[in-house]
Amino acid sequence: MISLTINGTARRFDGPLSVAELLERLELTGKRIALERNGEIVPRGSFQEQRLADGDKLEVVVAVGGG
Amino acid sequence: MDQLIIAGKPYSSRLLVGTGKYKDFAQTRAAVEASGAQIVTVAIRRTNIGQNPNEPNLLDALPPSRYTILPNTAGCYTAQDAVRTLRLARELLDGHALVKLEVLGDPRTLYPNVVETLSAAETLVKEGFQVMVYTSDDPIIAKRLEEIGCVAVMPLASLIGSGMGILNPYNLQIIIENAKLPVLVDAGVGTASDAAIAMELGCDGVLMNTAIAAAKDPVRMASAMRKAVEAGREAYLAGRMAKKLYSASPSSPTSGAIAPIQNKVA
């Protein structure tokens, strides 16, 4: 099991898992999102290869209304 | 044709609009359409995890194929957070580099923190972003942001969401005089005349959100704003008459009037 903080909330997952696999578990596959892992952008192209590690802090964002 | 050029790209609309504070996406889309805006700002926020996976997304209502989506850094109080936000935004929008930078100083007035703004602008320009930067109406800061390499400078008319209109047209005029970049008024526009005044001063464009979204009839106000920006721009290009305290120059001929009858007192 690995512990990840996603958008400020700690969650545990059966590891190891890639970013792509995580997004699938979060029902975010195919959605227009961007992801930052421990302060660094994870490009969409590397979602399949990037393996998440215990303790990773993730920000997953979308575009919303704003001025 | 009189076009707004930002980072080398031409736009026929000089009105840019935000997408916040609307009732729903349908109203957002209707207002944006009525405004004629081609550039619309969006905010970047955490997605809701584990909630409705079929929730519609703003970019479904305002597709990037049809609009130039301008991500902002609303809610950022440090240069670092603004830079992180725009890196995420660029990834979200498939490498699109045109962004709106705003770094705020305090959550009550939402006044920009120009020190952090300068720092963020330097970093972003180095990383290849095309930065449209929200700032105060300080002419020295505006010029400094231009020198750093921003693609547009966007001084406030008054505080974000205040609807107070242009509080300091003189500072704005100085900024416009000194700028080689497009100058767009951003923040504080309240009604159509505010937008027209900005354009009459020589601004290249106007960015607004609350003025439309918080109107009683947002779609109608969006339409009014479209006309106001066009009218103000045309008046500016037409070259207004001079203002004088008095002119002694009536519009009708001074000679040839019928003789006035002098009334005799009985």
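This is a predicted model: local features need pLDDT of at least 70, side-chain atom pairs count only at pLDDT 80 or more; totals for chains, interfaces and linings use all residues.
The mean pLDDT of chain B is 96, and 99% of its residues reach 70 or more. For the complex, the predictor gives an ipTM of 0.94 and a pTM of 0.94.

The C-alpha trace of chain B spans about 95 × 40 × 40 Å along its principal axes. Chain B has 266 residues, of which 48% count as buried. Its exposed surface comes to about 13,400 Å², with 52% supplied by carbon and sulfur atoms. Of the contacts in chain B between residues at least 6 apart in sequence, 66% join residues at least 24 apart.

The interface between the two chains involves 26 residues from chain A and 28 residues from chain B. Together, chain A and chain B bury about 2,500 Å², and 55% of this area lies on carbon and sulfur atoms. On the chain A side, Arg32(A), Ala63(A) and Gly67(A) account for 26% of the area buried against chain B, more than any other three residues.

Strands of a sheet pair through backbone hydrogen bonds, either parallel or antiparallel. In chain B, three strands form an open sheet with parallel pairing, in the order E6-E7-E8. Strand E6 (98-101) and strand E8 (152-155) are the edges of this sheet, each pairing on one side only. Neighbouring strands of the sheet are turned by 20° against each other on average, direction ignored. Strand E7 of chain B, residues 130-135, is joined to E8(B) by four bridges in the parallel sense. Within this pairing, Tyr134(B) has Met154(B) of E8(B) as its bridge partner.

Strand E7 of chain B also holds Thr135(B). Thr135(B) has a relative accessible area of 0% and, because the cut-off for a buried residue is under 20%, counts as buried. Leaving aside residues up to four places away in sequence, Thr135(B) touches Pro112(B), Val114(B), Ile141(B), Leu145(B), Met154(B), Pro155(B) and Leu156(B).

Parallel pairing also involves strand E10 of chain B. Strand E3 (residues 15-18) of chain B pairs with E10(B) over three bridges in the parallel sense, and Val17(B) stands opposite Met208(B). Strand E9 (residues 184-186) of chain B likewise runs parallel to E10(B) and is joined to it by three bridges; here Asp186(B) stands opposite Leu207(B). In a regular strand the side chains alternate between the two faces of the sheet. In strand E10 (residues 205-208), Gly205(B) and Leu207(B) point one way, Val206(B) and Met208(B) point the other way, and all are buried.

Some backbone features lie in loops. In chain A, Gly15(A) and Pro16(A) are joined by a cis peptide bond with omega of about -10°. Pro16(A) belongs to the loop between strand E2 (9-13) and helix H1 (19-25) of chain A. Glu27(A), a residue other than glycine, has a positive phi near 60°. Glu27(A) is located in the loop between H1 and strand E3 (34-37) of chain A and is partly exposed, at 48% relative accessibility. In chain B, Leu110(B) has a positive phi of about 60° although it is not a glycine. Leu110(B) lies in the loop between E6 and helix H4 (114-126) of chain B, and its relative accessible area of 23% makes it partly exposed.

How values were computed:
Residues are numbered from 1 along each chain as its sequence is written. Chains are lettered from A and ligands numbered from 1 in the order in which they are written. Side-chain values use heavy atoms; hydrogens and water are left out. pLDDT is the predictor's confidence in each residue, from 0 to 100. Two strands pair if DSSP finds at least two bridges between them. Helices (H or I, at least four residues) and strands (E, at least two) are DSSP runs, numbered from the N terminus. Axes are lines fitted to C-alpha atoms, for helices over the stretch in contact, and angles run from 0 to 180 degrees between N-to-C directions. Buried means under 20% relative accessible area, exposed over 50%, partly exposed in between (1.4 Å probe, protein chains only). Contact means heavy atoms within 4.5 Å. Accessible areas come from the Shrake-Rupley method with a 1.4 Å probe; for residues, only the protein chains shown count as cover. Buried area is the accessible area (1.4 Å probe) that two parts lose on being put together, summed over both.
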